[in-house]
Amino acid sequence: MKKNILSLLPEEIEAELAALGQPKYRAGQIFRWLHRGVGSFEEMSDLPKALREQLGEHFTLYRPRVAAKQVSQLDGTIKYLWQLADGNAVETVVMRYKHGNTVCISSQVGCRQGCAFCASTIGGLVRCLEPSEMLDEVLFSQLDSGLPLSNIVLMGIGEPLDNFDHVMRFLRLVNHPQGLNIGMRHISLSTCGIIERFDDLAEQAPQLTLSVSLHAPDDETRSALMPANRGRGVERLMDSCRAYYERTGRRISFEYAMIDGVNDTERHARLLARRARQVGAHVNLIPLNHVEERQFRPSTQGHMKKFIEILQAEGVNVTVRRKLGGDIDASCGQLRRREAGSKAPERR
Ligand code: SAH
């Protein structure tokens, strides 16, 4: 079977070249071409023709196609639906902030975590993305939009810690000085709380920013919303967050989608404040995006205001996420579902 050359690091391409009887120094050239977005080995114009042909015999090189694109008239947010080699599709969002353009990427096709308010998980997990596919979400969003992308958030479709090895390899690819060279401090990873992976993450990517999708500070509410909480529990999640913070020195942020009548009472606010202080976390409140298939509604402005006041009075660092792209398919997973229509997703 042919190998996917785009998931390889320069030193690995070197080893492959050596095995083909080719000089190692070509690896850097090839890596740079790949990370500039060429769609074929033919385009690597400074490589000898024989080498280009040999690469074509031994490696695959597939680039995603734009299956749909939406541009917000309100704030310039761009949403891409990328069609992958096997016909599956994932979403990527480009957001324009003053501090730089940020790309939000998917890490899986679908998700197995089953959060009750989320659109990405409705059809379950189809498959994990390859490192190359995540790289291409960043690279082709940059090439197509013409916007230099300085920040990456792994907050699209999928649970990144359920695709741990591929995500770590993606980070090394995107971080590479001969590639996109995006610094780890400019990358955030969001998880529903797969605590079994926190130590590995702290070890392999100590400089990235970890976001934990908390959404409720107590087991009763959190387990009802997020199956990942069942059998783990908020207390253990807090211990893991604390340990992660102590080990990396990087403050965690808690994502908290405000859901009307579910997690937005004063009791929740007080307990959330305690949790945040317990682990030195920053709280990022998100007004819930309404998902057609789900019964939940966003909190009222009044409840949000009260909630924020309580957190602030308790000394918690809290921000409210600005809603971007309000006129295009809001939360992740929606565009993919719309385009898929009645077609069954392909499984591997
Ligand atoms: N699986 C990871 C990565 C997904 S990130 C995680 O759970 O963190 C996507 C973020 O958007 C998560 O914080 C998720 O909980 C949140 N989210 C999902 N559906 C939402 C909705 N309808 N409204 C607001 N936030 C939502």
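**Close-up views of the predicted model**

**View 1. Surroundings of Ser-253.** Apart from its neighbours within four places in sequence, Ser-253 is in contact (heavy atoms within 4.5 Å) with Leu-210, Ser-211, Val-212 and His-282. The model is predicted: local features need pLDDT of at least 70 and side-chain atom pairs count only at pLDDT 80 or more, whereas totals for chains, interfaces and linings use all residues. Residues are numbered from 1 along each chain as its sequence is written, and side-chain values use heavy atoms, with hydrogens and water left out. Ser-253 belongs to strand E12; helices (H or I, at least four residues) and strands (E, at least two) are DSSP runs numbered from the N terminus. With a relative accessibility of 11%, Ser-253 counts as buried; buried means under 20% relative accessible area, exposed over 50%, and partly exposed in between (1.4 Å probe, protein chains only). The side chains of Ser-253 and Ser-211 are joined by a polar contact of 3.2 Å. A polar contact is a pair of N or O atoms within 3.5 Å; within protein, one must be able to donate a hydrogen and the other to accept it, and residues adjacent in sequence count only if both atoms are side-chain atoms.

View 2. The ligand is surrounded by 18 residues (a heavy atom within 4 Å), the closest being Glu-159, Ser-190, Ser-213, His-215 and Asn-289. By class, the shell comprises 8 nonpolar, 8 polar and 2 charged residues; Ala, Val, Leu, Ile, Met, Phe, Trp, Tyr, Cys and Pro count as nonpolar, Asp, Glu, Lys and Arg as charged, and the others, Gly among them, as polar. Strand E10 (187-191) and strand E12 (253-258) each contribute at least two residues to this shell. A backbone N or O atom of Gly-158 is placed 3.0 Å from a ligand nitrogen atom. For Glu-159, a polar side-chain atom lies 3.0 Å from a nitrogen atom of the ligand. A polar backbone atom of Thr-191 is 3.3 Å from a ligand oxygen atom. Of the 530 Å² of accessible area that the ligand has on its own, the protein covers 91% (Shrake-Rupley method, 1.4 Å probe; for residues, only the protein chains shown count as cover).

**View 3. Gln-108 beside Glu-159.** Gln-108 is part of strand E7 (residues 108-110) and, at 0% relative accessibility, is buried. A polar atom of the Gln-108 side chain lies 2.9 Å from the backbone nitrogen of Glu-159. Leaving out residues up to four places away in sequence, Gln-108 touches residues including Arg-127, Gly-158 and Glu-159.

**View 4. Salt bridge between Glu-16 and Lys-3.** The closest N and O atoms of this salt bridge are 2.6 Å apart; a salt bridge is a side-chain nitrogen of Lys or Arg within 4 Å of a carboxyl oxygen of Asp or Glu. Because Glu-16 lies in helix H1 (residues 10-19) and Lys-3 in strand E1 (residues 3-4), the pair ties together parts that are 13 residues apart in sequence. Lys-3 is partly exposed, at 41% relative accessibility. The whole structure holds 19 salt bridges.

**View 5. Salt bridge between Arg-63 and Asp-136.** The closest N and O atoms of Arg-63 and Asp-136 are 2.7 Å apart.
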